Structure formats: C-alpha cells, structure tokens
Amino acid sequence: MEALILLMVSVCLLSLYGLVYVSIRLVGDVRSNERTEFRNSLLIMLVLLLVSGTTAIFLIMT
C-alpha cells in the first residue's frame, strides 16, 4: 500500500513539473502549430495531475 501511495505522489509531482514546463513554453513565443500541441499537452498534464493527486489523497486518507 505504501508503494502505491509513493507511486501516486511521484506521478502527481512529475505531472506538476510537466504542467509548469508546458505553461512556461505556452506563454513564451511559439508558432501556432506548436501552440496547439502545447495546449493539448497542458490538458493531458492537468488531467493526470488531478487524477493522481486525488488518488494519492484518497490512499493516504484510508
């Protein structure tokens, strides 16, 4: 159980790092085709962050 909690916390932190990186790249000067790619990556990272964070909190509370 502890290994699963650590896995979810690490996925949560890794997706948070990716979310910050993609956000910084999206704010910067990028081309329009890269902008849609970064926007899709931003949505995927946000969903992954929410799912892994919620799962980690649920596992810690039980």
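Author: A residue is buried when its relative accessible area is under 20%, exposed when it is over 50%, and partly exposed in between, with a 1.4 Å probe and protein chains only. By that rule, 24% of the 62 residues of the protein chain are buried. The model is predicted: local features need pLDDT of at least 70, side-chain atom pairs count only at pLDDT 80 or more, and totals for chains, interfaces and linings use all residues. Numbering runs from 1 along each chain as its sequence is written, and side-chain values use heavy atoms, with hydrogens and water left out.

The protein chain has 2 helices and 0 strands. These are DSSP runs numbered from the N terminus (helices: H or I, at least four residues; strands: E, at least two). Along the principal axes, the C-alpha atoms fill a box of roughly 45 × 15 × 15 Å.

Next, the helices. H1 covers residues 2-27, which is 26 residues. Its first and last C-alpha atoms are 38 Å apart, close to the expected 38 Å. The expected span is 1.5 Å times one less than the number of residues. H2 has 30 residues and reaches 43 Å, close to its expected 44 Å.

The buried residues of H1 are Ile-5, Met-8, Cys-12, Ser-15, Gly-18, Leu-19, Val-22 and Leu-26. Helix H2 (32-61) is part of their cover. On H2, the buried set is Phe-38, Leu-49, Ser-52, Gly-53, Ala-56 and Leu-59. H1 is part of the cover there.

Zoom in on Ser-15. This residue sits in helix H1. Why is Ser-15 counted as buried? Because its relative accessibility is 2%. What does Ser-15 touch, leaving aside its neighbours within four places in sequence? The partners are Met-45, Leu-48, Leu-49 and Ser-52. Contact means heavy atoms within 4.5 Å.

Take contacts between residues at least 6 apart in sequence: 67% of them join residues at least 24 apart.
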